[in-house]
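Visitor: I would like to learn to read a structure feature by feature. Please give me the general idea each time, then the case at hand.

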Amino acid sequence: MNRSLQHILIPLFFIVSAVLGNADMEMDMGNEDRPEFHPINAGSKTFHWILTLFVLLILPSIASCLAFANRLHWSIVLQYACTAYSVVESLFLPFPDNVDNHENRTSKGTSWFLSILLGVTIFVGTFINGSNLVINRFYPKLAKHYNEYGISYKIYKALSFLVVLTGWVRVCMAPVALFGFCYGKHTGQCIAHGIMGSAFILYSFILSLMLIIPWIRKHQLQSTNTASFRSPEMYDSTVMMLWGIVNTFTEHRWGREAWNLGDYQHTALGIIWWCGGLLGMYLARNNRRTFVPALLLICTGWSMSQHFQHLAISTQVHALFGLALMGAGATRIVEILFLLKDKACDPLGKILSFQYMPPLFLALAGILFMSANEEQLQLAHDLGSDHSAYILVVSSSAFMIYLWFQLLLLFYLRLVGYNEDGELNNNQMYQSIEAEEFELGDLSEDENQETPSDGNRLSD
C-alpha cells in the first residue's frame with residue numbers, strides 16, 4: 001500500500017505542475033519592446049554578494065553548530081572573522097542601487113544590527129571562557145566566577161542562532177537594495193513575501209532538525225516519561241492558530257477601510273488557520289499525531305495557486321508555489337498516516353527516504369514565495385525570461401538551501417559523536433549526550449575551582 005501511494009502521488013504532482021505550467025504561458029510573452037538592463041559594476045557586485053553570503057551566513061551557521069556542540073573556542077574564532085567583515089562592509093562596502101547610488105536604509109540598518117549582534121555574541125562567549133578583556137580588567141572578581149553562570153552558555157547559543165537568522169535577512173536584503181525594489185506602495189507586499197517565504201523555509205529547517213537529530217526523532221521510543229512529550233503537530237497547530245489570529249486582524253483594518261480582493265483572500269487564510277489550528281491542538285492532545293497542520297498547508301497552497309496576478313509569469317510562479325505547499329502537506333499526511341502509522345518515527349528509529357520530501361517541498365515553497373514579489377517578477381518579464389526558466393533557477397536555490405540544512409545537521413552530529421545513521425561512535429552513552437546537550441546544570445563551587453577556563457569543558 002505504501003509503495004503504491006508513493007508511485008501515484010509523486011508523478012501526479014509533477015503532471016499537474018506541467019499542466020498548469022503550460023496554461024496561459026503566452027499571455028504576456030509577446031513581441032513588445034523590452035527595456036535594456038545594464039547593471040553598473042555587475043561583476044564586482046556579484047562577487048560582493050557571494051562573499052557576503054559566505055561570511056555572513058555560511059560561516060555563522062558553522063559557528064552556531066560549533067556553539068551548540070560546546071566547541072566554544074572555534075565558534076568564537078569564526079565569529080571574530082564574521083564581525084570584522086560585517087563592520088568593514090557596513091562602513092565601506094554598500095549595496096547601492098542604480099537610481100540614486102545609495103543603499104536603502106533597511107539594508108544598511110540590517111548590516112549595522114548584524115555587526116552589533118555579532119559583537120554582543122562574542123562578548124558573551126569570551127565571558128564564558130574567561131578571555132573577556134573588559135571583564136578581566138574592570139571586574140576581576142566576576143571573572144573568577146564566570147563558570148557559575150551556566151545560563152550564559154544558553155544565552156550564547158541563542159545569540160549564535162539569532163546571528164544566523166539576521167545573516168539570512170542581510171543576504172536577502174542585498175539584492176533588494178541593488179535592484180531598488182520595494183519602494184513606495186510595493187514595500188508592504190515585499191515584506192509579506194519575505195516574511196512568509198522565510199517562515200516556510202524555517203519550518204523546513206525545524207522539520208529537518210526533528211528528523212535528523214536522533215535523540216529528537218527517537219524521543220518517544222526512548223523516553224520513560226511519555227506524559228511530558230508533545231507530538232510535533234501540537235506545536236505546529238499552536239503556531240498556526242496564533243499566526244491565523246494575527247493575520248485575521250492585521251491584513252485588513254476592520255471598520256476603517258473598504259474591503260478589496262486581497263483583503264478577502266488574506267483574511268480568509270487567517271481565519272482558516274486559527275480555526276484549523278484549534279482543531280489540530282485538540283486532536284494532537286495526549287501525544288497523538290494528526291493530519292490537520294498538513295491539511296492547512298494544502299488549503300493554503302490551493303488558495304495561493306488561485307490568486308489572480310497581473311502578469312502570466314507571476315500567475316505561474318504563484319501556481320507552482322501553491323503546488324509545492326500542497327505537496328508538502330500531502331507528503332506529510334502520507335508520512336504520518338501510512339508510513340509511520342501515527343507513530344513518532346519508524347519502529348527501528350531509522351529515517352525513511354520518503355520523510356525527506358515534506359521539508360524539501362516546504363523549502364521550495366518558501367523560496368518560490370520570496371521570489372514572487374511584483375517588482376522582481378516584472379524585472380524577469382522585462383528581461384525576456386519566461387516562467388519556466390525563472391522557476392528552474394529559483395528551484396535550484398531551494399535544493400541548495402535544503403542541502404545546506406542537511407550538511408549543517410550532519411556536521412553537528414559528527415561534532416557530538418554520531419554517524420550519518422544516528423548511531424553513537426566511541427561507545428558513548430545516549431544518556432551522556434542528552435545530558436551534555438540539554439542539561440547544563442549548576443556547577444558546585446568546588447567544581448568551578450577545578451574546572452579549566454575552556455568553554456568546551458563547561459558541560460562535562
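Visitor: What should I know about the source of the values?

Guide: This is a predicted model, in which local features need pLDDT of at least 70, side-chain atom pairs count only at pLDDT 80 or more, and totals for chains, interfaces and linings use all residues. Residues are numbered from 1 along each chain as its sequence is written, and side-chain values use heavy atoms, with hydrogens and water left out.

Visitor: How many helices and strands are there in the protein?

Guide: Both are DSSP runs, numbered from the N terminus: helices are H or I with at least four residues, strands are E with at least two. The protein has 19 helices and zero strands.

Visitor: What percentage of the residues is buried?

Guide: Buried means under 20% relative accessible area, exposed means over 50%, and partly exposed is in between, with a 1.4 Å probe and protein chains only. Of the 460 residues in the protein, 47% are buried.

Visitor: What share of the contacts joins residues 24 or more positions apart?

Guide: Contact means heavy atoms within 4.5 Å. Among contacts with a separation of 6 or more, residues 24 or more positions apart account for 78%.

Visitor: At what angle do the axes of H14 and H16 cross?

Guide: Axes are lines fitted to C-alpha atoms, for helices over the stretch in contact, and angles run from 0 to 180 degrees between N-to-C directions. Helix H14 (residues 312-339) and helix H16 (residues 374-382) have axes that come within 9 Å and cross at roughly 125°. Angles under 35 degrees count as roughly parallel, over 145 as roughly antiparallel, 65 to 115 as roughly perpendicular and the rest as oblique. H14 and H16 are therefore oblique to each other.

Visitor: Which residues make the contact of H14 with H16?

Guide: H14 contributes Ile313, Ser314 and Val317, while H16 contributes Leu377, Ala380 and His381. For residue classes, Ala, Val, Leu, Ile, Met, Phe, Trp, Tyr, Cys and Pro count as nonpolar, Asp, Glu, Lys and Arg as charged, and the others, Gly among them, as polar. The residues of this contact divide into four nonpolar, two polar and no charged.

Visitor: Next, salt bridges. How many does the structure hold?

Guide: Side chains of opposite charge can pair when their charged atoms come close. The cut-off: a side-chain nitrogen of Lys or Arg within 4 Å of a carboxyl oxygen of Asp or Glu. The structure holds six salt bridges. In one of them, Glu89 pairs with Arg170, with the closest N and O atoms 3.2 Å apart. This pair links distant parts of the chain: Glu89 is in helix H3, Arg170 is in helix H7 (residues 150-179), and they are 81 residues apart. Glu89 and Arg170 are buried.

Visitor: What is the closest N and O distance between Arg170 and Glu103?

Guide: In that salt bridge, the closest N and O atoms are 2.8 Å apart. Arg170 lies in helix H7 and Glu103 in the loop between H3 and helix H4 (105-129), so the pair ties together parts 67 residues apart in sequence. Both Arg170 and Glu103 are buried. A network of salt bridges links Glu89, Glu103, Lys108 and Arg170.

Visitor: Which parts does the pair of Glu233 and Arg332 tie together?

Guide: Their closest N and O atoms are 3.1 Å apart in a salt bridge. Glu233 lies in helix H11 (residues 232-250) and Arg332 in helix H14, so the pair ties together parts 99 residues apart in sequence. Glu233 and Arg332 are both buried.

Visitor: Is His48 buried or exposed?

Guide: His48 is buried, at 12% relative accessible area. His48 sits in helix H2 (residues 42-68). Leaving aside neighbours within four places in sequence, His48 is in contact with Tyr85, Glu89, Leu93, Pro94 and Phe95.

Visitor: Where is Asn287 found?

Guide: Asn287 is in the loop between helix H12 (261-283) and helix H13 (292-305). Asn287 has a positive phi of about 70° although it is not a glycine. At 17% relative accessibility, Asn287 counts as buried.
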